[in-house]
Amino acid sequence: MNYKLAGAIKRSRKSFIICAILWVFLTIVFVSPLANSIFSGNVNGKFDLGIFFETFINSIKNPFGSFGNVFASGATGTFFSTLFIFTIFYLVFFFIGFVKSAPKNEYTDIEHGSSDWSQHGEQYRILSKNKGIILAEDNYLPVDKRGNVNVLVVGRIRFW
């Protein structure tokens, strides 16, 4: 299970930054006009839909002004409660995308025929770094080795 988490994090590094920037952008462009409109729509304890839509349309046209107006008019409580609900939905969708990016098995995205199957130079107990029969990049089967040095080549040769 550890390979799934490590693989998902490795695949999603750029996505974390992009999602954080998108969250900040949507907070300023969408959540602050919505919170400002909800606060303005509550007149004397009643919610007026006409004032809400009028304020929302004007706030969407000027989101940075709306963001400043949220703090100037005292709508910070409404803003933070709206931001909390938006963040929960955003994290749910982010988590679904993160789970979908997890590798299906331990060998996902490992090139077939490469030396990615070994770690910390353990292939060099058998293979050579410098000379011999080429197996993969930086992996050679030494010809001066004692024992079995048979090589099975799988694939095809293409002539152009």
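## H2 against H3

In this predicted model, helix H2 passes helix H3 in a right-handed crossing. H3 covers residues 49–61, and the two helices pack at an angle of about 150° with their axes 8 Å apart. Angles over 145 degrees count as roughly antiparallel, so that is how H2 and H3 are described.

Who touches whom here? On the H2 side, the residues are Val29, Phe30, Pro33, Leu34, Asn36, Ser37, Ile38, Ser40 and Gly41. On the H3 side, they meet Ile51, Phe52, Thr55, Phe56, Ser59 and Ile60. Sorted by class, the contact of H2 with H3 holds 9 nonpolar and 6 polar residues, with no charged ones.

## H2 against H4

Helix H4 (residues 63–72) also packs on H2, at an angle of about 50° and with the axes 8 Å apart. The crossing of H2 with H4 is left-handed.

From H2, the contact draws on Ile28, Val29, Ser32, Pro33 and Asn36. H4 brings Pro63, Phe64, Ser66, Phe67, Asn69 and Val70. The class count for H2 with H4 is 7 nonpolar, 4 polar and no charged residues.

## H2 against H5

Now for helix H5, residues 76–100, which packs against H2 (residues 13–41) at an angle of about 150°. The axes of H2 and H5 are 9 Å apart, and H2 passes H5 in a right-handed crossing. The residues in this contact split into 16 nonpolar and 6 polar, and again there are no charged ones.

What about H5 by itself? The buried residues of H5 are Thr78, Phe79, Thr82, Leu83, Phe86, Thr87, Tyr90 and Phe98. As background for reading that list, an α-helix has 3.6 residues a turn, so residues three or four places apart point the same way.

## A closer look at asparagine 36

Asparagine 36 belongs to helix H2, and it shows up in the contact with H3 as well as in the contact with H4. Is asparagine 36 buried or exposed? Its relative accessibility is 4%, and since buried means under 20%, asparagine 36 counts as buried.

If you skip its neighbours within four places in sequence, asparagine 36 is in contact with Thr55, Ser59, Ser66, Asn69, Val70 and Ser73. Among these, Thr55 and Ser59 are listed for the H3 side of the H2 contact, while Ser66, Asn69 and Val70 are listed for H4.

## Leucine 141 and strand S4

Over in the strands, leucine 141 lies in S4, which takes in residues 139–141. Leucine 141 counts as buried because its relative accessibility is 8%. Lysine 131 is 10 residues away from leucine 141 in sequence, and their C-alpha atoms are 7.6 Å apart.

## The whole chain

How many helices and strands does the protein chain have? There are 5 helices and 4 strands. Reading from the N terminus, the elements run α-α-β-β-α-α-α-β-β.

The chain has 160 residues, and 26% of them count as buried. Take the contacts between residues at least 6 apart in sequence: 51% of those join residues at least 24 apart.

Notes
Residues are numbered from 1 along each chain as its sequence is written. This is a predicted model: local features need pLDDT of at least 70, side-chain atom pairs count only at pLDDT 80 or more; totals for chains, interfaces and linings use all residues. Side-chain values use heavy atoms; hydrogens and water are left out. Axes are lines fitted to C-alpha atoms, for helices over the stretch in contact, and angles run from 0 to 180 degrees between N-to-C directions. A crossing is left-handed if the near helix is turned anticlockwise from the far one by less than a right angle, and right-handed if clockwise. Ala, Val, Leu, Ile, Met, Phe, Trp, Tyr, Cys and Pro count as nonpolar, Asp, Glu, Lys and Arg as charged, and the others, Gly among them, as polar. Buried means under 20% relative accessible area, exposed over 50%, partly exposed in between (1.4 Å probe, protein chains only). Contact means heavy atoms within 4.5 Å. Angles under 35 degrees count as roughly parallel, over 145 as roughly antiparallel, 65 to 115 as roughly perpendicular and the rest as oblique.
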